[in-house]
There are 4 protein chains.
Amino acid sequence: MPKVGMKPIRKQQLIEATLASIDEFGLYHTTITTISKKAGLSSGIINHYFGGKQQLIEATVRHLLDKLNHVLVEKTAGQTLSPVERLNLIVESNFSVFQRSEPATKAWLSFWEQSLHVPELARLQHINNQRLLSNLRFSFRQLMPKDQAIEAAQATAAMIDGFWLRSALSQESNPDFVASERLCKQFIAKLIS
Amino acid sequence: MPKVGMKPIRKQQLIEATLASIDEFGLYHTTITTISKKAGLSSGIINHYFGGKQQLIEATVRHLLDKLNHVLVEKTAGQTLSPVERLNLIVESNFSVFQRSEPATKAWLSFWEQSLHVPELARLQHINNQRLLSNLRFSFRQLMPKDQAIEAAQATAAMIDGFWLRSALSQESNPDFVASERLCKQFIAKLIS
Amino acid sequence: MPKVGMKPIRKQQLIEATLASIDEFGLYHTTITTISKKAGLSSGIINHYFGGKQQLIEATVRHLLDKLNHVLVEKTAGQTLSPVERLNLIVESNFSVFQRSEPATKAWLSFWEQSLHVPELARLQHINNQRLLSNLRFSFRQLMPKDQAIEAAQATAAMIDGFWLRSALSQESNPDFVASERLCKQFIAKLIS
Amino acid sequence: MPKVGMKPIRKQQLIEATLASIDEFGLYHTTITTISKKAGLSSGIINHYFGGKQQLIEATVRHLLDKLNHVLVEKTAGQTLSPVERLNLIVESNFSVFQRSEPATKAWLSFWEQSLHVPELARLQHINNQRLLSNLRFSFRQLMPKDQAIEAAQATAAMIDGFWLRSALSQESNPDFVASERLCKQFIAKLIS
DNA sequence: AATGAATGAGTCTTCATTCAT
DNA sequence: AATGAATGAAGACTCATTCAT
């Protein structure tokens with residue numbers, strides 16, 4: 001088995017197992033054992049590749065953040081966009097990720113909860129938050145005075161997060177991301193009218 | 001000499017100790033011991049009065065829900081209110097509670113995270129959510145057609161929850177509840193204009 | 001079972017179980033489990049009373065030091081002694097402790113080895129060492145010039161420790177403490193003649 | 001292209017890495033990993049060349065014993081020595097080795113501690129001990145009756161070991177080997193006067 | 001009414017060993 | 001000849017729960 005260069009493969013495998021475990025058991029009941037079983041590997045492997053459970057958790061958060069970022073970058077790359085188009089793409093990217101991977105919804109909520117008491121997670125959460133605000137502010141700024149743009153960004157971010165939170169907490173197997181996305185876009189449209 | 005009626009006193013004491021412990025250590029690191037120490041009581045007392053840790057947690061959630069409810073009821077009691085006035089009071093009640101007890105902000109987030117995997121907490125979360133939606137819908141319905149009212153309620157709830165979430169996650173010691181409240185009210189004003 | 005005031009009883013019980021375990025398995029293979037089994041208690045009890053394995057180890061060292069001290073104090077208490085008599089009692093106290101409890105011999109060696117890398121044990125070892133040197137120096141000083149007394153104390157301490165070490169390492173079930181004691185006293189006699 | 005004769009080179013490399021690791025981390029915290037890292041080799045190499053960690057430890061002890069022996073043999077080779085000269089050389093050889101390699105001091109103590117519970121190490125310790133006693137006895141025998149010679153050997157061995165032990169435990173970076181050596185020689189001089 | 005002594009299952013982590021390459 | 005991927009048993013520690021008093 002021991003081929004060289006397993007590191008990136010195993011790391012990916014374990015991050016996905018972590019998301020699967022959080023989806024099934026919750027972060028609180030996700031243990032070294034539940035993760036390694038989902039990955040089909042031994043428990044020792046986590047320390048081998050990540051140095052500990054907490055580092056694996058953090059790597060998983062970074063993985064989600066990277067994916068979220070990636071979506072927006074892809075959507076906007078190489079295009080000339082009007083401010084409104086850009087704002088809409090920001091909304092879309094925030095919902096598309098969740099549409100695609102349902103387990104991630106729960107994971108985000110768990111991670112943000114943990115960030116209340118784990119500095120590294122707080123740092124990541126803060127970066128993510130600032131990025132969203134900054135993206136929104138930039139586009140709103142092209143359509144309105146600075147003070148208004150700041151508040152518009154805050155309100156839009158709140159609405160996005162609010163819909164996301166409600167989706168995560170929703171018991172329904174298929175929360176209505178489509179409607180959420182539409183309502184966010186409507187809100188933006190109203191803000192700039 | 002057994003004192004009569006210690007039960008409600010002790011229960012209240014333990015619920016407050018639970019909130020204090022979650023504020024300091026986080027739900028994850030809140031144990032029977034951290035709670036009972038904060039209450040100045042022995043560890044056995046929790047099983048004695050609540051039958052277990054989980055039941056104490058649930059009682060604490062119910063306590064927070066009751067308080068939230070209480071605020072709205074108080075604000076609206078015995079008054080004749082226009083739909084807009086009522087909507088504004090709903091917003092106010094949602095923010096006033098958090099303004100008053102900062103520890104509660106963290107506790108809510110922890111509890112909702114737990115509700116993903118604890119049926120009883122999910123039930124309580126669902127009730128709370130439905131109540132907010134229903135209150136909002138009721139007032140909006142008096143100002144617009146049903147379909148629009150439903151969506152207005154959803155959007156407003158999302159914005160309230162979004163601001164609340166951002167406050168909880170905010171590292172700042174004094175998150176801007178005042179601005180949040182104002183922006184929510186502005187949003188409502190726009191919706192009904 | 002839970003009576004009040006079990007603390008000192010349990011602590012003593014666990015310290016003795018620790019010595020028994022080190023005697024049988026060695027410090028390296030002494031675990032929470034071997035100790036608690038020897039004490040007839042559960043494994044959790046060690047954390048309950050000592051806060052951790054390492055603290056129990058340190059408490060055990062302190063226990064041995066206390067006993068060693070106690071012997072000398074008892075032997076010399078309330079008597080008017082000549083310097084030579086006092087020196088001989090120092091020798092006797094160092095051997096009597098080991099004569100009495102054979103397991104302790106192994107424990108001392110294990111502890112000093114650990115002291116190479118555990119600061120708290122190093123501290124205790126240093127105190128013990130200084131006390132022996134100081135006691136010897138004090139008595140020698142009454143019989144010879146300062147410089148000579150210092151060296152006499154060092155040489156005597158070395159001989160005591162040397163015999164003690166050889167006894168610990170000796171495979172024989174009954175190492176010759178009597179001869180060791182006699183040779184140490186002879187050495188002292190020669191030093192002051 | 002398999003290099004011929006890597007075996008002795010690698011073995012030597014690993015033995016030295018073992019001593020370095022014990023010096024830095026202590027025997028207890030010396031692992032396959034710490035050793036192989038210090039050697040700049042992979043962790044698998046130890047099993048490859050020694051068959052296991054324990055065998056490497058034992059090889060390291062044998063290496064130290066060999067060096068100790070070698071020193072005395074070199075010092076005494078091809079000379080006609082008086083008994084006193086020979087005794088002094090025995091003392092010198094016991095201190096010279098430690099003077100030269102400070103890490104070894106800690107290693108010896110760790111190894112003797114282990115010998116309490118590892119038969120092979122006990123065997124090696126016993127051989128070493130007997131050799132020292134026998135060497136001393138042989139020279140003393142030429143200067144005094146048998147009974148006295150036996151005790152003189154024992155006392156001298158104890159003093160040498162005692163000074164060695166005190167040096168190992170001494171926190172000072174540069175324990176006073178010179179003084180120790182001088183005091184041992186003085187002791188011998190007194191014994192034969 | 002309240003305590004705190006005691007338990008032991010569950011968790012994370014360490015690490016010697018194995019083995020395909 | 002040498003690597004390093006992978007394992008899993010064993011360790012220390014945590015903590016909700018039980019229960020005699």
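Copies of a chain are superposed here by least squares on the C-alpha atoms of residues with pLDDT of at least 70 in both. The structure is a predicted model. With that superposition, chain C can be laid on chain D with an RMSD of 0.1 Å, by a turn of 180° and a shift of 0.1 Å along the axis. The two copies are thus related as by a two-fold rotation axis.

**Symmetry of chains C and D**
- Among the residues of chain C, C:Gly162 comes closest to the rotation axis, with its C-alpha at 1.8 Å.
- The same surface serves both copies, since 94% of the contact residues of chain C recur in chain D.

**Contact between chains C and D**
- Chain C contributes 31 residues to this contact, and chain D contributes 30 residues.
- On the side of chain C that touches chain D, the elements that give two or more residues are helix H6 (102-115), helix H7 (119-141), helix H8 (146-169) and helix H9 (177-192) of chain C.
- H8(C) supplies the largest share of that side, 12 residues.
- Sorted by class, the side of chain C that touches chain D holds 15 nonpolar, 10 polar and 6 charged residues.

**Contact between chains A and B**
- In this pair, 31 residues of chain A are in contact with 30 residues of chain B.
- Two or more residues of the side of chain B that touches chain A come from each of helix H6 (102-115), helix H7 (119-141), helix H8 (146-169) and helix H9 (177-192) of chain B.
- The largest share of this side, 13 residues, belongs to H8(B).
- By class, the side of chain B that touches chain A consists of 15 nonpolar, 9 polar and 6 charged residues.

Key: Residues numbered from 1 in each chain as written. Chains lettered and ligands numbered in written order. Predicted model: local features only at pLDDT ≥ 70, side-chain atom pairs only at ≥ 80, totals over all residues. Contact = placed C-beta atoms within 7 Å. Helix = DSSP H or I, 4+ residues; strand = E, 2+ residues; numbered from the N terminus. Nonpolar A, V, L, I, M, F, W, Y, C, P; charged D, E, K, R; others polar.
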